[in-house]
Amino acid sequence: MALPAVAVGLYLGLVWAPPDAMMGNVQRIMYVHFPSWIATALSYLTGFLCSVLYLVRRRPALDHLAQAGVEVGVLFNTTGLITGSIWGRPTWGVWWTWDPRLTTTAIMLIIFVGYLLVRAFLEDPDARARVGALVAIVGFVTLPIVYFSVRWWRTLHQPQSSPNTVDPEMVVALRTMMVAFALGAAYLISRRYELARLEAAAEQSEVEPGVGTA
Amino acid sequence: MLLSGRRAGIALGGGIVALVFAYLVWGGIGNNLVYFLTPTELLAKGPAAYGASIRLGGIVQPGTVHWDADRHELRFRLADTNDHNVEVVSTGVPPEMFTEGIGAVVEGVWTPDGVFHCHNLMIKHSNEYRPPPPGAKPAEYYRQLFRKQLS
Amino acid sequence: MTDNTGFVVAAYVVTAALVTLYTWRLTRRLKQARRTADHQLPGG
């Protein structure tokens, strides 16, 4: 379902939509940069909500879903940063600068990479889930900071665009790609969730032979 | 306590991540929460700001841009909404979006002669994305200004 | 005017490569995990 949407989005973004008056065709990086952040936000939101719910309900399934959300979030956080960097070089003139938007985004990524490392390090499933949930909840605080950074502080990054500041044809291309990326992220999270579930079952049957197969 | 190879690797990775995190939080946020000064703020600082490494942000004031093609030297005035402005000298060809009236952030040093010597010029574009008007050639201003270097 | 097509291509290729690599690894690990689960649970 995500793949046809990507195909349509690619056509709309790379062929159908007009170039930008100031940037020319480089502006087309927007159709892969911005959707990456939509996917990042949705994935981290999944990770955050499931972490909160896990601490309340203590269901392993919630922990698996939280882990899946964070891991897919890290993937799209990375593509968002890389595409932003590639876009920044020809337009701003630099690959990177320490403005508040870019800095807070890097901090967000490093916290969630830390989440994955902590989980890989802890061997006890309960401790892994509890510590992980705490890191995910703290890490998620960075997301609104990243979002509002362009309004709270002076940045090189421009403030949020809206359909009022973007040409209608570009908006159509952008929305298509946003849907495609959101579907793609949802698919990956569901697959990653299933993997976490199977791995947990295998882990349990190693510790207590016979129990995991019940 | 000895850690197995895999866990030692993860711990090392975790240590690196923690260091990068600390660097980003203290170094990145601490120094850059005020990412750039406006011309008004720089002028208010006066001689105290001479010689320090500074980021200055504003609008490239229309009618003040001069390109010395032989010396590869770009001169313009960076203005803010309070109508204060600072003369900036930059070497090399700027990014392609450079034009009169666009936002720019310059990194460099302000000297007692009142000139800001920029070693890194960055363009701050708006959040507007529009198709070029009919018949317009993209970056026409830029190509005219820097035609010697681009040919 | 300098040609910026390379930047556009790079952005799309890098994104496609990373997402494809992740999806491919995930699929492979999932297949492996399913096989293990089937092994433990004959007929399940």
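**Entry 1: ground rules**

I am working with a predicted model, where local features need pLDDT of at least 70, side-chain atom pairs count only at pLDDT 80 or more, and totals for chains, interfaces and linings use all residues. Residues are numbered from 1 along each chain as its sequence is written, chains are lettered from A and ligands numbered from 1 in the order in which they are written, and side-chain values use heavy atoms, with hydrogens and water left out.

**Entry 2: aromatic rings**

I looked up the ring pairs and found 15 aromatic pairs over all chains. Rings of Phe, Tyr and Trp (its six-membered ring) pair if their centres lie within 6.5 Å; planes under 30 degrees apart are stacked, over 60 edge-to-face, and the rest tilted.

F48(A) and F140(A) form a stacked pair, because their ring centres are 4.3 Å apart and their planes lie at 10°. F48(A) sits in helix α2 (residues 30–57) of chain A and F140(A) in helix α5 (residues 125–140) of chain A, so this pair ties together parts that are 92 residues apart in sequence.

Is F140(A) buried or exposed? F140(A) counts as buried, at 13% relative accessibility. Buried means under 20% relative accessible area, exposed over 50%, and partly exposed in between (1.4 Å probe, protein chains only).

Next I turned to W98(A) and Y23(B), whose ring centres are 6.2 Å apart with planes at 80°, so that pair is edge-to-face. W98(A) is in the loop between α3 (60–91) and α4 (100–121) of chain A, while Y23(B) is in helix α1 (residues 5–32) of chain B, so the pair joins two chains. W98(A) is partly exposed at 28%, and Y23(B) is exposed at 54%.

I also noted a cluster in which ring pairs link Y147(A), F148(A), W152(A) and W153(A).

**Entry 3: charges over rings**

A charge sits over a ring if NZ of Lys or CZ of Arg is within 6 Å of the ring centre and within 35 degrees of the ring normal. I found R7(B) over the face of F121(A), 4.4 Å from the ring centre. In chain C, R28(C) lies over the face of W24(C), at 4.9 Å from the ring centre.

**Entry 4: pockets**

I searched a 1 Å grid over the protein atoms alone; a pocket is an open set of points where a 1.4 Å probe fits, with protein on both sides within 12 Å along at least five of seven lines, and lining residues have an atom within 4 Å of a point. The volume is the space filled by probe spheres set on the points, which are joined across faces, edges and corners.

The largest pocket holds about 1400 Å³ of space. Its lining has 43 residues, and Q67(A), R128(A), R192(A), E199(A) and R29(C) lie nearest its centre. Which helix gives the most to this lining? α7(A) does, with 12 residues. I sorted the lining of the largest pocket into 22 nonpolar, 6 polar and 15 charged residues. Here Ala, Val, Leu, Ile, Met, Phe, Trp, Tyr, Cys and Pro are nonpolar, Asp, Glu, Lys and Arg are charged, and the others, Gly among them, are polar.

The second largest pocket holds about 960 Å³. It is lined by 39 residues, with F34(A), W37(A), R101(A), H157(A) and Q160(A) closest to its centre. The largest share of that lining is 8 residues from α2(A). Its residues divide into 23 nonpolar, 14 polar and 2 charged.

**Entry 5: helices and what follows them**

I checked helix lengths against the expected span, which is 1.5 Å times one less than the number of residues. α2(A) has 28 residues and reaches 40 Å from its first C-alpha to its last, close to the 40 Å expected.

Most residues other than glycine have a negative phi. R58(A) follows α2(A) and is partly exposed at 42%.

Technical notes. Helix = DSSP H or I, 4+ residues; strand = E, 2+ residues; numbered from the N terminus.
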